Amino acid sequence: MNFDPDTKVLVQGIVEPLGSVHAALMKEYGTNIVAGVSPGYGGQEIHGIPVFDLVEQAIPVMGAIDTSIIFVPPYQLLDAALEAIAAGIRQIIIVTTGIPPLDMVQLVRQAEATDTLVVGPNCPGIIVPGKIMLGTHPGHLYLPGSVGVISCTGTLTYEIAYELTQAGIGQSIVVGMGSDAIVGSSFSQWLQMLDEDEHTEAIVIVGETGGNGAEENAAHYIAEAIDKPAIAYLAGQHTPQEKRRGHAATLIASKLSVKEGLTETDDWGAERKIQAFKQHKIPLADRPSTLVKLVKKALSAKKK
């Protein structure tokens, strides 16, 4: 994990409307954006950032690049990400939504083969408050501190971080992993990284009911391998059992892969995920405001 003010960042799809807007905001926050890539726009500048046609053309001019953040249209994503990996970039953040699942399968395989960290797709990215912003996070909601946040939702990531900020609890890093059925990095990967991070004292997991079993797996992993205090919040805990909820992509994926013996209503519903956290005695907040109290309690206990 290498996310600090010196991290050299490339923006692929910098001429796309979302890419252009957020490239400017990231640069304003202090992120070291050294180049943009958009085929057909090489030689131009956007917000003072030089633009190249290809990643391989940017590297010789700018030197090795640490991170690429990608805003290209969904059917161009696989080519763009593989181009970045081929150029030696080992941290990739994908904001784009609607990536074809088989493209993500191919990308994840290539990332595993090259030891590349992939965050997203369909994610707000990563922010290390006061140091670097990579994605669409509203930077003013965050406060530098020692609580790491890992979330599989978008807007709820912002809300949880803001609740912590309002209570005077700063964040060491906030990671929006993405909410598609297939994403690059998992709760377990980030739990391990934050457990080893010297700037993180406690970890907050933000999940949701429905979708897949990512939160349940995270609860088991915390019990088995994480030494730092962890606190969880699940959106949708009070959703009626007969209602299915979650992001559209995960709902569709669930309907296509309903397991034999499980009905659509009990597959990864609220109760099953809640029980996983209770089983391992991991504090579970029933609302964002309660989460703040649990985080304060965990930090206080850690200091004793």
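The chain holds ten helices and 14 strands, where helices (H or I, at least four residues) and strands (E, at least two) are DSSP runs numbered from the N terminus. Please keep in mind that this is a predicted model, in which local features need pLDDT of at least 70, side-chain atom pairs count only at pLDDT 80 or more, and totals for chains, interfaces and linings use all residues. Residues are numbered from 1 along each chain as its sequence is written, and side-chain values use heavy atoms, with hydrogens and water left out.

Of the 304 residues of the chain, 52% count as buried, and by buried I mean under 20% relative accessible area, with exposed being over 50% and partly exposed in between, for a 1.4 Å probe and protein chains only. Turning to contacts, which are heavy atoms within 4.5 Å, residues 24 or more positions apart account for 73% of those in the chain that have a separation of 6 or more.

Let me go to the sheet of seven strands, which is open, has the order 3-4-2-1-5-6-7 and shows mixed pairing; two strands pair if DSSP finds at least two bridges between them. Its edge strands are strand 3 (45–46) and strand 7 (117–119), each of which pairs on one side only. Strand 7 runs parallel to strand 6 (residues 91–94), and three bridges join the two, with glutamine 91 standing opposite leucine 117 in strand 7. Helix 1 (residues 17–29) packs on this sheet, touching strand 1 (9–12), strand 2 (33–37), strand 3, strand 4 (49–52) and strand 5 (67–70), and its direction makes about 175 degrees with that of strand 2. For such values, axes are lines fitted to C-alpha atoms, for helices over the stretch in contact, and angles run from 0 to 180 degrees between N-to-C directions.

Next comes strand 11 (residues 171–176), which is mostly covered, since six of its six residues are buried. Which strands pair with strand 11? Strand 8 (residues 125–128) runs antiparallel to strand 11 and is joined to it by three bridges, glycine 125 having glycine 176 as its bridge partner. Strand 10 (residues 144–151) pairs with strand 11 in the parallel sense over six bridges, and here isoleucine 150 stands opposite valine 175.

Strand 13 (residues 230–235) is likewise mostly covered, with six of its six residues buried. In a regular strand the side chains alternate between the two faces of the sheet. In strand 13 both faces are covered, with Ala230, Ala232 and Leu234 buried on one side and Ile231, Tyr233 and Ala235 buried on the other. Strand 12 (residues 202–208) pairs with strand 13 in the parallel sense over six bridges, and the bridge partner of valine 204 is isoleucine 231. Strand 14 (residues 284–285) also pairs with strand 13 in the parallel sense, over two bridges, and tyrosine 233 stands opposite alanine 285.

Finally, there is a pair of helices. Helix 5 (residues 155–166) and helix 10 (residues 288–303) pack at an angle of about 50 degrees, with their axes 9 Å apart. That angle makes helix 5 oblique to helix 10, because under 35 degrees counts as roughly parallel, over 145 as roughly antiparallel, 65 to 115 as roughly perpendicular and the rest as oblique. The contact is made by Glu159, Ile160, Glu163 and Leu164 of helix 5 together with Pro288, Ser289, Leu291, Val292 and Val295 of helix 10.
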